[in-house]
Amino acid sequence: MAASLTAPTSLQDDEGDRPGTIAPFWRRLNSFFLFPLQMEPLIFLLLLSAGSYLLFLPLIGRIFALLGLLLGASRYAFKVAALASRGVLHSRDYTHALTDPDWKVLPWKFFVVLVIHTLVVGFLASRNEWLGLLGMLASSLAMPATLMVLIQSSSLRAALNPFELLGTMADIGAQYLLLCLFLFLLQAGFPKAVQLLLPITPGWMLLPMLVFCAVYFLWVMAALIGYVMYQHHGALDIDLLREPEDEPEVAAQRPVKTQAQLRDGEVADQVQKGDLQGAIAQAREWARTGHDNVADQRRYHRVLLLDTPASGRLQLHSQSYLPLLLLRKLGPEALDAHTAVLKVLPEFDAGKPDVTLALAEQAWKRMDAQHTLMLLRAFDRRYPGVVEIPRAYELIIRALKQGQGKGYKAMPVLQAMQRRYPDHPCTQEAAWVMRDEVSAPAA
């Protein structure tokens, strides 16, 4: 229970618990090249290299061996990038609890993306050689963003959405082009490394050496992509698992423990000793004096999740805590907090249309259609006449049509929008989303 009350190191209060500065990726290149040589990845890398001897099996065995090598290397690459994007930069910190089962299917989804890109580029090349070259260039530039979107959302649809990709590139800014350059240099480094090792590698070691080099550079690139996401976690709406650490000379001047961490530990100790009411009273006092302090409010919210629901404290506090998180641009954390409250209070309502809509927008960013629809259920009846209704309607339509593939259920919502808000921009957006259903009768 104590662990559940420990404030995440990704988000600290504004008074005395400032996270460290994340160094730009070009200042940490050595760490990316050294990552595959850490204990866990090195052992796995050697096992994969030894497994290359299975490629000498008969045809069927060779196919399964190749598939196993590709899956093993690519799944670990996605795991490395995903954990690095959330601040876990060293393999010694990897735990089973940090692993998301959705990551296992990311290599398959990425393979589908590659196939679609290849078909599109091939089609363009068949029409015009220059179009083919432009398509290949666009595909290459979009590939890092595709990986980032896949890691964040686990959604194939989002990874193929050009607006999602362009948004990710814009969030990273000019450094995205620098990232592409470094990735290109890493790809070029693989054949150079093989060329250098060929003269000194015995014949029986050639295949393991090739696999070792290929997987080594793959994991270096994964560590690099994950770190760039970590570097820009604020713009990309990524919740960190570890606080950014300052450079060594700055870190040496930091206190051993911040005030927020000490308070977290004090409350967690009280809970662990069975004094829940004492922990609630202490956390409430800090929350009262730090009404706009995210760390104090977060601590109070988390201890209230252990409180008796009938007390009403969790309901009351959540209705002020969620708006604070949204005000501080902590939308993903607000959505997670809302989800945690629903597990204790299934009928909980944020109570404000702007807060409810903002939470629904966060849910849709995660391509979670079910959560989006749950938040917006009967929105117009709960908040009659508010200005947020058209946007809520549009989100409902997107969740039904794009999230669940149920355009027929979204049609009555669109018709209601067209009657009530015929000239609203959201109505026009919704009509575009529903263009297939709208044109169906004419066809």
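This is a short tour of a predicted model, stop by stop.

**The whole chain**

Along the principal axes, the C-alpha atoms fill a box of roughly 75 × 70 × 40 Å. The chain has 443 residues, and 45% of them count as buried.

Now show contacts. Take those between residues at least 6 apart in sequence: 69% of them join residues at least 24 apart.

Then colour the charged side chains. There are 41 positive and 40 negative ones. The centres of the two sets lie 5 Å apart.

**Helix α23**

Select residues 425-433, which form helix α23. Which residues of α23 are buried? They are C426, T427, A430 and V433. Look down the axis: these residues cover an arc of only 120°, so they sit on the same side of α23. Turn to the other side of α23, where P425 and Q428 are exposed.

**Aromatic pairs**

Next, show the aromatic side chains. The count comes to 14 aromatic pairs. Each pair of rings can be described by the distance of the centres and the angle of the planes.

Zoom in on F25 and W26. Their ring centres are 5.3 Å apart and their planes stand at 75°. Planes over 60 degrees apart count as edge-to-face, so this pair is edge-to-face. How do the two residues stand towards the surface, buried or exposed? F25 is buried, with a relative accessible area of 0%. W26 counts as partly exposed, at 37% relative accessibility.

Move on to Y227 and Y230. This aromatic pair is also edge-to-face, with 5.6 Å from centre to centre and 65° between the planes. Select residues 206-231 to see helix α10, which holds both tyrosines. Y227 and Y230 are three residues apart there, about one turn of the helix. Y227 is buried, at 2% relative accessible area. Y230 counts as buried too, at 4%.

Finish the rings with a group of four. Select F44, Y76, Y94 and W219. Ring pairs link these residues into a cluster.

**Two backbone stops**

The last stops concern the backbone angle phi. Most residues other than glycine have a negative phi. Two residues with a positive phi come next.

Select D237. Where does D237 sit? Find the loop between α11 (233-236) and α12 (248-251). D237 is not a glycine, yet its phi is positive, about 60°. At 28% relative accessibility, D237 counts as partly exposed.

Now go to K329. This residue lies in the loop between α16 (313-327) and α17 (331-344). Phi of K329 is near 65°, a positive value in a residue other than glycine. Is K329 buried or exposed? K329 is exposed, with a relative accessible area of 69%.

Note on methods:
Residues are numbered from 1 along each chain as its sequence is written. This is a predicted model: local features need pLDDT of at least 70, side-chain atom pairs count only at pLDDT 80 or more; totals for chains, interfaces and linings use all residues. Side-chain values use heavy atoms; hydrogens and water are left out. Buried means under 20% relative accessible area, exposed over 50%, partly exposed in between (1.4 Å probe, protein chains only). Helices (H or I, at least four residues) and strands (E, at least two) are DSSP runs, numbered from the N terminus. The arc is that of the directions from the helix axis to the C-beta atoms. Contact means heavy atoms within 4.5 Å. Lys and Arg count as positive and Asp and Glu as negative; His and the chain ends are not counted. The place of a charge is taken as NZ of Lys, CZ of Arg, CG of Asp or CD of Glu. Rings of Phe, Tyr and Trp (its six-membered ring) pair if their centres lie within 6.5 Å; planes under 30 degrees apart count as stacked, over 60 as edge-to-face and the rest as tilted.
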